[in-house]
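Subject: Structure handover

Hello,

Here is the structure I said I would pass on. My notes on it follow below.

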Amino acid sequence: MQKRPIGVAHVNETQAIALAATGDQAAFAWLIGQYRHMVHTASYRILRNQEEAEEASQDTFVKAYQNLGSYQGGSKFSTWLFSIAYRTAISQLRKRRTPTAALEGLGSLEPTTHDPDTGEAGDRSAALSKALSQLPAEDAAIVNFFYMEELSVEEIVTVTGLSASNVKVKLHRSRKRLLEILQHELKEEAWTLIED
Amino acid sequence: MDAHRGLNDQDADKALRDLFRSSGRLTAPEGLDARVLQRIALVNRPITPAAGLIPTWVWIALAGGFAAFVAYIYSGATTDTVGRIERVLSGLPRFPISDLLSSPWVLLTACSAVAFLAMDSLLERTDRMHGLNKARPL
């Protein structure tokens, strides 16, 4: 059982990072709680496989814990964490592509969303997942950072290490592709709701 | 302007952002936190960048000294540069290789070092073959 420091439930993010950097695991557990869904979603968008996405998420948090000392606070903690998650998942994807490319897609049932929707909203969610799965892994991650996590192009550049023009081109291409797929997938009424 | 349903880029961005927001993030697997904590318990503590063994001011002093040495060598008449270098070098102690190798103790030490390095490399290879030295890559 981890020792819980006094008042860890009331700390803010900066304090939790500072505590975790000294080896306080309860503070780090608090940070995991704040970011687990974000990190898992980013990993899943690249790997499209539950088990691999979980492994990548675990690796991301372990690496983050080990390297907390090097986090200077120059960027947002989420951007720093996304950068680790992105690189970890991309590297795992490259490793997988070499010997076992045929396994891609196995066990890749879309996991449930954090705030599950039902009915029409559920249809839209399913259509979005389907659309995202048809984009290249890197582009799906960039789209997720831009639309879901609302990162700016500059932040995406920091996270991915790509150039700003490359990110913009990928976003433009992905948006066009997503709209094509969604238009095909969604019923007319549902699409009207989105436009509203 | 985007071709799809007459949406311009801003409208398309807004529509997609709303769609992402209404879909929500994916749920992390149950017990992810516990598994991460289990792993970091083995890691023990975060790696904090270690301070260098030699402080920065020493490096600056050494660089300054070296720069002064180079300046000294090249100062004055350019034709005298070789003479200055020779004068500086003649002041340094000399250890001729032939003298060193003539001592049996030096030869014995060198042979022992080679034997130890060979043994170390052999043991490391054996460990790797048996997976004893396998560190989880992060």
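Along its sequence, chain B follows the pattern α-α-α-α-α-α. That comes to 6 helices and 0 strands, where helices (H or I, at least four residues) and strands (E, at least two) are DSSP runs numbered from the N terminus. Of the 138 residues in chain B, 9% are buried. A residue is called buried if 20 or more other C-beta atoms lie within 10 Å of its own, exposed if 12 or fewer, and partly exposed in between, with C-beta atoms placed from the backbone.

This is a predicted model, in which local features need pLDDT of at least 70 and side-chain atom pairs count only at pLDDT 80 or more, while totals for chains, interfaces and linings use all residues. Residues are numbered from 1 along each chain as its sequence is written, and chains are lettered from A and ligands numbered from 1 in the order in which they are written.

Chain A overall

Chain A has 9 helices and 0 strands, in the order α-α-α-α-α-α-α-α-α. Buried residues account for 41% of its 196 residues. Two residues are in contact if their C-beta atoms, placed from the backbone, lie within 7 Å. Among contacts in chain A between residues at least 6 apart in sequence, 63% join residues at least 24 apart.

Helix 1 of chain A covers residues 13–21, and its buried residues are Ala16(A), Ile17(A), Leu19(A) and Ala20(A). Viewed down the axis of helix 1 of chain A, these buried residues fall within an arc of 165°, so they line one face of the helix. The arc is that of the directions from the helix axis to the C-beta atoms. After helix 1 of chain A comes Gly23(A), with a positive phi near 100°.

Leu31(A) belongs to helix 2 of chain A and is buried, with 21 other C-beta atoms within 10 Å. Leaving out residues up to four places away in sequence, Leu31(A) touches Ala16(A), Ile17(A) and Ala20(A). Between Leu31(A) and Ala20(A), which are 11 residues apart along the chain, the C-alpha separation is 8.6 Å.

Helix 6 and its two partners

Two packed helices are described by the angle between their axes and the distance between the axes. The axes used here are lines fitted to C-alpha atoms, for helices over the stretch in contact, and angles run from 0 to 180 degrees between N-to-C directions.

Helix 2 (residues 25–47) of chain A packs with helix 6 (residues 137–148) of chain A at an angle of about 150°, their axes being 7 Å apart. Helix 2 of chain A is therefore roughly antiparallel to helix 6 of chain A. The cut-offs are: under 35 degrees roughly parallel, over 145 roughly antiparallel, 65 to 115 roughly perpendicular, and the rest oblique. Helix 2 of chain A contributes Thr41(A), Ala42(A), Arg45(A) and Ile46(A) to this contact, and helix 6 of chain A contributes Ala137(A), Ala140(A), Ala141(A), Asn144(A) and Met148(A). By class, the contact of helix 2 of chain A with helix 6 of chain A has 6 nonpolar, 2 polar and 1 charged residues. Ala, Val, Leu, Ile, Met, Phe, Trp, Tyr, Cys and Pro count as nonpolar, Asp, Glu, Lys and Arg as charged, and the others, Gly among them, as polar.

Helix 6 of chain A also meets helix 8 (residues 164–185) of chain A, where the axes come within 9 Å and cross at roughly 90°. On the helix 6 side of chain A are Asp139(A), Ile142(A), Val143(A) and Phe146(A), which meet Val167(A), Lys170(A), Leu171(A), Ser174(A) and Leu178(A) in helix 8 of chain A. The contact of helix 6 of chain A with helix 8 of chain A divides into 6 nonpolar, 1 polar and 2 charged residues.

Loop residues

Arg48(A) sits in the loop between helix 2 and helix 3 (50–66) of chain A. Its phi is positive, about 55°, although Arg48(A) is not a glycine. Arg48(A) is buried, with 20 other C-beta atoms within 10 Å.

Glu150(A), in the loop between helix 6 and helix 7 (153–160) of chain A, is a residue other than glycine with a positive phi near 55°. Glu150(A) is exposed, with 11 other C-beta atoms within 10 Å.

Pro136(A) is in the loop between helix 5 (119–133) and helix 6 of chain A, and counts as partly exposed with 13 C-beta neighbours inside 10 Å. Pro136(A) and Ser174(A) are 38 residues apart in sequence, with 9.0 Å between their C-alpha atoms.

Regards
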